[in-house]
Amino acid sequence: MRDNSKKHIKAMLALFCAMFVILCVYLVYTVHAYGTRWFTSPYNVRVQAQKSSVQAGRIADRNGALLAYTRADGERTYAANKARRRALSHVVGDSYGQTIGAESMFARYLLGFDQSVADQFVETIGGQQRVGSSVMLTVDAKLCDYAYDLMDDYWGAVVLLNYKTGEVLASVSQPTFDPNYMADYISGSRALAASAMVNRVTMGKYAPGSTFKTVTLIAALRYLPGVTEREFDCDGALVFDKSSGKYLPDISVDDSDFTSEGTATAYDRGREGAQDEPAQPETAQDIYSIVRDYHSEYHGAISLMQAYAKSCNTTFARLALEIGPKRMQQTAKSLGIGDAFLFDDLLLYSSSYIKPASQFDLAWSGVGQYKDLMTPLQMCMLTAAVANDGVMMQPRMLYQVVTRDNFVRMKQSAKAYKTILSAAEAQVLQQAMLGVVKSGTGTKAQVKGYAVGGKTGTAEISANKQVNSHAWFTGFVQDDEHPLAICVILEQAGSGSSKAAPLAGKLLKRAIELGY
Amino acid sequence: MSAMGLLGIVMLFELSAFALLAFRSEGFDPLALLFALILIAVLFLQYVCMLWISKYADRFILVIANLLAAIGMIVQYRLSPDTAFKQLILYGAGLLAMFVCVAIMHKPALFQKLNWVMILGSLGLLCVLMAVGKEHGGAKNWITIARVSFQPSEFVKLALVFVSANYLTTRRSWRGYWPSAVFAIACCGLLVAERDLGAALLIALTYLILFYIATGNVRTTLIGMGAGCMGAAASYVTFDYVRARVAIWKNPWATYETSGYQIAQGLMAIASGGAWGLGLTLGSPKAIPAYNTDYIFAVICEEFGIIFGIAVIALYLVFIIRGALLALNARDRYLMLIAFGCTSLITLQSFIIIGGVIKLIPLTGITMPFVSYGGSSLIASMMLLGILEGVAMRNGEMLEDAMDAAMEECRKEERAHAG
């Protein structure tokens, strides 16, 4: 009996040891994974408290252009040029903790939390004012200025990154604010657009429209063998039963009977039903729902690559139906859609693909018009991974940290986030995207002398004809010297091919000229 | 490392920490140095005393427990010198209680005689608590008698160890064990009703561990665990505050303004400290609610750093391993169960609170043994230490007796051969 007891004691002791090891491992893991998030939280009183005892360091772009500094009187001041302040406001952030930019993400360095106790001691004893390190960002301020200029007054987001290193070279979100006037915005003495403090690049969740066809295409390559050799018939709208959402392959309708609601997003279908007047005789529109092409232009017999280049809705809706909701969802998940990101340098919201319930919803989800939501940065990362042979890099904002005596304390290196595509898949997608810019909907994104690939999108956000669509373009330059990936979204600007693609082409051209 | 060397390092640590505290503000604070000297003197004296009582005293658990208490008092002094001095007095009372326990453990049968006193006393205290207890941090676990507040649950858990060890040693079957099980369940029920979830969890798990060790009956132990889980599930369904705890654990940031505030503040403090800490006196630990009691581990991580936090966890682990070794070396079942019961209490209590603070498990308010501010907690922990030391001494003496007897036997045999 006693011997058994001792055996049990040993077993319990082993359990206790395991518990304490878990405690240590979890402590290290959790601080490693979430520490930056917790530290940069606007609730963290330590950051604000540190500002009174430590002079915050400077923020500059990758070439040293000054973006933020602390004046001798302790006032935090931003770039001298007003347009530049506004262009980079979301990247740099503000000193009141209202937005999540470099000011809060890199407060650890700027406010000297990273200095060793010995350094702090020497500075304090020496009677010097403690000064935090300076931070250089990966962005090029000139490129940001230019992107801001190109966006005009459209709301939306532009992001440009190096797909081999993950460095963000430009990131602009509109509407924007001027960090010099943050106190006035808070007090209300200066007006500001309601969502101006939201960084649309990382936090804007948009319906992706046709840019989502890339996801459907990847799913088709994975689950429908031989799909690249097949020919599709794009001869008219796909018809669905209105009440059940079931696909009716044998029925064809004249889609001119349908008002634009037929192609409207899933969000609006409920509203559309409510608007129906019961007194009217039953028309096709009351019985059926349809998936049709943009401006009802059908493409006839078409190959998969052509369908992608021409952004053929019916073909991709058919593909989505064939693939099925579960495998669509699996593909989206494998590409990182829905991942909760914990990057050190920036706060990126999750994108989402919600499994559609009916065939009608499934068909629309395949062309990015169901409840799919993407952030511009994630769309850019997806394109970047295609260009980078399937490897998605971690997006980076921090170029290097420089101490007050000009000593480079930390230089970050490129890190892969995950491999989302096989090299063979990436090859096919690169060809498909090059086709879009060469002869498809994205021709306006061409840059002379360079092979540019991409995908346009026109996300319809309302049944109302008066409201313009969101214009999307995401693309890349196929060039080892200039590994650039871009994503542009202009809210209510019109079609992706006429509004977003030209902007992307110009910005890519400028970036190549600047040597990126 | 020898225990003497460890003792020296602990003294050096105490001296340097208090020296830092003495210079923290403008001018020099001689009280901090006085504090350090008192601590060092008390540590040295009790070390000598303990070894004078018996050379079999376990030096490691003594020094480790004192180091943990010293870390606690350093943090208290940094937060507010007044509470640190209060804690110092309580620490003195704890030392007294420790030596009393050592003395009683010389005749452990005494505890067996007190069996019913402990049962009725514990249940009585918990019932009185229901009626007149004072609420503190959401739990009703304080009694105030003549302006002295104390937390009965801290002592009930010790009673549980003795009562269980008694029944599980003297009886041979479930028919004999049942009073101890009823006692444990009754304590748990009362504690849950008083919303002292941490203590309830501690008592339930400790009893199960003791039961398993003593009987080796896996089936009954699993049934007990199942019943415990059902009880936990039932309390999740019935009590709003249990549900709230779990919700806060899942995402403290969602309710930052209200119930998630404490956990979120703790996490920010730990994250701000980083690997090496912000440095003693350089953090903002007072932003965390319960900074000197339940949340003291977050304060330690903030100012001393995560590496130091891991060292504290390691200290507990060494203490626990030594405690378990004492149980393994016990020459008598009763002592074995008592030693392992005390070890389990320290293990579970430190795991529950550290795990809660770092958000590994839902937070249930409980003190960190030896470190947290609070008389009941510190005195109970010191009593635990005294009991373990008592077991160590008994182990040594009994081993000595056994060796003497064996030697005598040998001599007899030799004489018989010679004759």
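Helices (H or I, at least four residues) and strands (E, at least two) are runs assigned by DSSP and numbered from the N terminus, and this tour moves from one such element to the next. The model is a predicted one, in which local features need pLDDT of at least 70 and side-chain atom pairs count only at pLDDT 80 or more, while totals for chains, interfaces and linings use all residues. Residues are numbered from 1 along each chain as its sequence is written, and chains are lettered from A and ligands numbered from 1 in the order in which they are written.

**Stop 1: helix α8 of chain B**

Select residues 174-193 of chain B, which form α8(B). The expected span of a helix is 1.5 Å times one less than its number of residues, so the 20 residues of α8(B) should span 28 Å, and the 27 Å between its end C-alpha atoms agrees with this. A residue is called buried if 20 or more other C-beta atoms lie within 10 Å of its own, exposed if 12 or fewer do, and partly exposed in between, with C-beta atoms placed from the backbone. The buried residues of α8(B) are B:Y177, B:S180, B:F183, B:A184, B:C187, B:C188, B:L190, B:L191 and B:V192. An α-helix has 3.6 residues a turn, so residues three or four places apart point the same way. Now show α6 (115-132), α7 (152-170), α9 and α10 (218-238) of chain B, which are among the elements that cover these buried residues.

Just after α8(B), select B:R195, which takes a positive phi of about 65° although it is not a glycine. B:R195 lies in the loop between α8 and α9 of chain B, and it counts as buried because it has 20 C-beta neighbours inside 10 Å.

**Stop 2: the nonpolar cores**

A nonpolar core is a set of buried Ala, Val, Leu, Ile, Met, Phe, Trp, Tyr and Cys residues joined through C-beta atoms within 7 Å. The largest core has 146 residues, and those with the most contacts inside it are B:I203 and B:A339. The largest share of this core, 16 residues, comes from α9(B). Centre the view on B:A339: not counting residues up to four places away in sequence, B:A339 touches B:G323, B:L326, B:A327, B:A330, B:L388 and B:V391, where a contact means that the C-beta atoms, placed from the backbone, lie within 7 Å. A second, separate core of 143 residues includes A:Y109, A:A237, A:M381 and A:A471.

**Stop 3: where the chains meet**

Colour the two chains separately and look at the contact, which takes 38 residues from chain B and 30 residues from chain A. On the side of chain B that touches chain A, the elements giving two or more residues are α9 (197-215), α12 (261-273), α14 (306-329) and α15 (333-357) of chain B. Which element gives the largest share of that side? It is α14(B), with 11 residues. By class, this side of chain B has 28 nonpolar, eight polar and two charged residues; Ala, Val, Leu, Ile, Met, Phe, Trp, Tyr, Cys and Pro count as nonpolar, Asp, Glu, Lys and Arg as charged, and the others, Gly among them, as polar.

**Stop 4: strands and a helix of chain A**

Select β17(A), residues 452-459: eight of its eight residues are buried, so this strand is largely enclosed by the rest of the structure. A:V452, A:G454, A:T456 and A:T458 point one way from β17(A), whereas A:G453, A:K455, A:G457 and A:A459 point the other way. In a regular strand the side chains alternate between the two faces of the sheet.

Next, find the open sheet of six strands in chain A, which has the order β4-β3-β2-β6-β14-β15 with mixed pairing. Its edge strands are β4 (76-78) and β15 (408-411), each of which pairs on one side only. β3(A), residues 66-70, and β4(A) pair in the antiparallel sense over three bridges, and A:A68 has A:Y78 as its bridge partner in β4(A).

Then select α11(A), residues 213-223, where nine of the 11 residues are buried, so the helix is largely enclosed by the rest of the structure.

**Stop 5: loops and confidence in chain A**

A cis peptide bond, with omega about 0°, joins A:Q174 and A:P175, and A:P175 lies in the loop between β8 (168-174) and α9 (182-187) of chain A. A:S311, in the loop between α14 (304-309) and α15 (313-323) of chain A, has a positive phi of about 55° although it is not a glycine.

Finally, colour by pLDDT, the predictor's confidence in each residue, from 0 to 100. The mean pLDDT of chain A is 87, and 93% of its residues reach 70 or more, but pLDDT stays under 50 over residues 261-279 of chain A. Where pLDDT is low, the predicted coordinates should not be read in detail.

Terms used:
Two strands pair if DSSP finds at least two bridges between them.
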